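Please look at the chain displayed here and follow its strands, its cores and its aromatic rings in turn. The paragraphs after it walk through these topics one by one.

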Amino acid sequence: MRILDHHKGSCLCGDVQIIAVGSPCRVGVCHCFDCRKHHGAMFYAAAIFAEASVSVVGETNDFRGRHFCVRCGSSVFAKTDDEIEIHLGVLDNTEGLSPTYECWATNRASWLHEFPQTKQFERDRDEKSGIKKP
């Protein structure tokens, strides 16, 4: 498997382009109800980069830090403090971006299996809420 030194992606219409340079800080999956409702999916997957590693071209609007294209409405990234969470679904190539953790595993749909080789957190990602794996 080849690890990429940059990651490119875009919204559905192509008006918003995003490029991240280097490796992400982490890659994760979230099952919280906010993420589920925002994405219209049973979970959300993102590669989290330092803000300085990411460039965005095109107009976005946001709702509580979750950025979307003003033309097509595609959810593209989220910003929290000095990090950018790039939605894996907008990337042209996700090679080497396997999730290492799952947040809000308590909300995982019963029919959805755990992601292999991930640490599960019952709620938010912190050491106190970690669910021990057998």
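Does F121 count as buried or exposed? F121 counts as buried, at 3% relative accessibility; buried means under 20% relative accessible area, exposed over 50%, and partly exposed in between, with a 1.4 Å probe and protein chains only. The model is predicted, so local features need pLDDT of at least 70 and side-chain atom pairs count only at pLDDT 80 or more, whereas totals for chains, interfaces and linings use all residues. Residues are numbered from 1 along each chain as its sequence is written, and side-chain values use heavy atoms, with hydrogens and water left out.

The strands come next. Helices (H or I, at least four residues) and strands (E, at least two) are DSSP runs, numbered from the N terminus, and two strands pair if DSSP finds at least two bridges between them. Three strands form an open sheet in the order 1-2-5, and their pairing is antiparallel. Strand 1 (6-10) and strand 5 (54-57) stand at the edges with a single partner strand each, so one side of each has no neighbour in the sheet. From one strand to the next the twist averages 10°; axes here are lines fitted to C-alpha atoms, for helices over the stretch in contact, and angles run from 0 to 180 degrees between N-to-C directions. Strand 2 (residues 17-21) runs antiparallel to strand 5 and is joined to strand 5 by four bridges. Within this pairing, Q17 stands opposite V57 of strand 5.

Strand 7 and strand 8 pair in the antiparallel sense over three bridges, with S75 in strand 8 as the bridge partner of F68. Five residues lie between the two strands of this hairpin, and G73 in the turn has a positive phi of about 85°. Strand 7 (residues 66-69) also holds H67. H67 is buried, with a relative accessible area of 14%. Leaving aside residues up to four places away in sequence, H67 touches T60, N61, D62, S74, S75, V76, F77, A78 and K79, where contact means heavy atoms within 4.5 Å. Strand 8 and strand 9 run antiparallel and are joined by four bridges; A78 stands opposite E85 in strand 9. These two strands form a hairpin with two residues between them, and D81 in the turn has a positive phi of about 55°.

What lies in the interior? A nonpolar core is a set of buried Ala, Val, Leu, Ile, Met, Phe, Trp, Tyr and Cys residues joined through side-chain atoms within 4.5 Å. The largest nonpolar core has 17 residues, of which I18, V54, V76 and I86 touch the most other members. Strand 2, strand 4, strand 8 (75-80) and strand 9 (83-87) are the elements that give two or more residues to this core. V54 touches I18, I19, A20, F49, I84 and I86, not counting residues up to four places away in sequence. A second, separate core of ten residues includes C32, C35, C103 and F121.

Strand 4 (residues 44-50) contains A45. A45 and V29 are 16 residues apart in sequence, with their C-alpha atoms 4.3 Å apart in space. Not counting residues up to four places away in sequence, A45 touches G28, V29, I86, H87 and L88.

Now the cysteines. A disulfide is a pair of cysteine sulfur atoms within 2.5 Å, and by this rule the count is zero disulfides. The closest cysteine sulfur to that of C32 is in C30, 3.6 Å away, which is too far for a bond. C103 is in no disulfide either, and its nearest cysteine sulfur, that of C30, is 5.2 Å away. Both cysteines are buried: C32 has a relative accessible area of 12%, and C103 is at 10% relative accessibility.

The aromatic rings come last. Rings of Phe, Tyr and Trp (its six-membered ring) pair if their centres lie within 6.5 Å; planes under 30 degrees apart count as stacked, over 60 as edge-to-face and the rest as tilted. The structure holds two aromatic pairs. The ring centres of F43 and F115 are 5.2 Å apart and the planes are at 75°, so this pair is edge-to-face. F43 lies in the loop between helix 1 (33-39) and strand 4, and F115 in the loop between strand 10 (101-103) and strand 11 (119-121), so the pair ties together parts 72 residues apart in sequence. F43 counts as partly exposed, at 28% relative accessibility. Y101 and F121 form an edge-to-face pair, 6.4 Å centre to centre with 75° between the planes. This pair links distant parts of the chain, with Y101 in strand 10 and F121 in strand 11, 20 residues apart. Y101 is buried, with a relative accessible area of 9%.
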